[in-house]
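Work through the exercises below with the sequence and the 3D structure in view, and try each task before you read its solution.

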Amino acid sequence: MTHATHPTLAQTLAPHRSALRDLALVVGGAVLIALIAQVEIPLKPVPVTLQTLGVLLVGAALGWKRGTASLGTYLGAGIIGLPVFAGGGAGLAKLAGPSGGYLIGFVLAAGLVGFLVQRFALDRRVLGTALAMLAGTALIYAVGLPWLAATTGLRGAALLNAGLTPFLLGDTLKLGLAALLLPGAWTLTRR
């Protein structure tokens, strides 16, 4: 049994598949995430950044395989010491710290959003895009919050006040922006 697969925005804009195209998309997505990671509000223990928006857009635009590969490339670049994490951070210690779960969640969220887009074409309409982005955001928190608890000892309300509450307004705005950008991009592409 095969499942219907809808083309991603990247496949539609660059339809001639090649290893070079795929490499450029994967690296380009990783570079985008690295750049927007530097736009931050340095809260402790986890900063507020634009990364979530980039993660969700990269996953949707590239699809689950290339989206996951792109965020894996970003994570790998940071682990080997390139200053790609928020505030120019890098290294395995950053991954092992309070933000590590969110960083791992980024990889999983890009894959999930990419899967939902390819399987159900959710990025063609505002509501569908919002649902895919909400699922990706929830997955980031599902990985990030327990990791934050394990690395800081925070529990209950203190955990939520450190790892969830400060991000809700920004994540809602980022989700709304993505829900407008992707269907808008598809509308332009169809013209």
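**Exercise 1. At what angle do α3 and α8 pack, and how far apart are their axes?**

Solution. Two packed helices are described by the angle between their axes and the distance between the axes. In this predicted model, α3 (51-79) and α8 (165-190) pack at about 30°, and their axes are 9 Å apart. Here an axis is a line fitted to C-alpha atoms, for helices over the stretch in contact, and the angle runs from 0 to 180 degrees between N-to-C directions. The names come from DSSP runs numbered from the N terminus, where a helix is H or I with at least four residues and a strand is E with at least two. The angle therefore makes α3 roughly parallel to α8, since angles under 35 degrees count as roughly parallel, over 145 as roughly antiparallel, 65 to 115 as roughly perpendicular and the rest as oblique. The crossing of these helices, α3 and α8, is right-handed, a term used if the near helix is turned clockwise from the far one by less than a right angle, while anticlockwise is left-handed.

Two remarks on the conventions are needed here. Residues are numbered from 1 along each chain as its sequence is written, and side-chain values use heavy atoms, with hydrogens and water left out. Because the model is predicted, local features need pLDDT of at least 70 and side-chain atom pairs count only at pLDDT 80 or more, whereas totals for chains, interfaces and linings use all residues.

**Exercise 2. Describe how α3 packs against α6, and check the length of α6.**

Solution. Begin with the pair: α3 and α6 pack at an angle of about 125°, with axes 10 Å apart. That angle makes α3 oblique to α6, and α3 passes α6 in a right-handed crossing. Turn next to the length, for which the expected span is 1.5 Å times one less than the number of residues. Helix α6 (residues 126-152) has 27 residues and should therefore span 39 Å, and its end C-alpha atoms, 37 Å apart, agree with this. Just after α6, Gly-153 takes a positive phi of about 80°.

**Exercise 3. Which residues line the largest pocket, and how do they divide by class?**

Solution. A pocket is found on a 1 Å grid over the protein atoms alone, as an open set of points with protein on both sides within 12 Å along at least five of seven lines; a cavity is a set where a 1.4 Å probe fits but cannot get out, and lining residues have an atom within 4 Å of a point. The lining of the largest pocket includes Leu-9, Ala-10, Leu-25, Gly-29 and Leu-181, and α3 gives the most to this lining, with four residues. By class there are 10 nonpolar, one polar and no charged residues, where Ala, Val, Leu, Ile, Met, Phe, Trp, Tyr, Cys and Pro count as nonpolar, Asp, Glu, Lys and Arg as charged, and the others, Gly among them, as polar.

**Exercise 4. Which residues lie closest to the centre of the largest cavity?**

Solution. The structure holds one cavity of 30 Å³ or more. Of the 18 residues that line the largest cavity, Val-46, Pro-47, Thr-49, Tyr-102 and Phe-106 are the closest to its centre. Its lining has 11 nonpolar, four polar and three charged residues.

Methods: Points joined across faces, edges and corners; volume = space filled by probe spheres on them.
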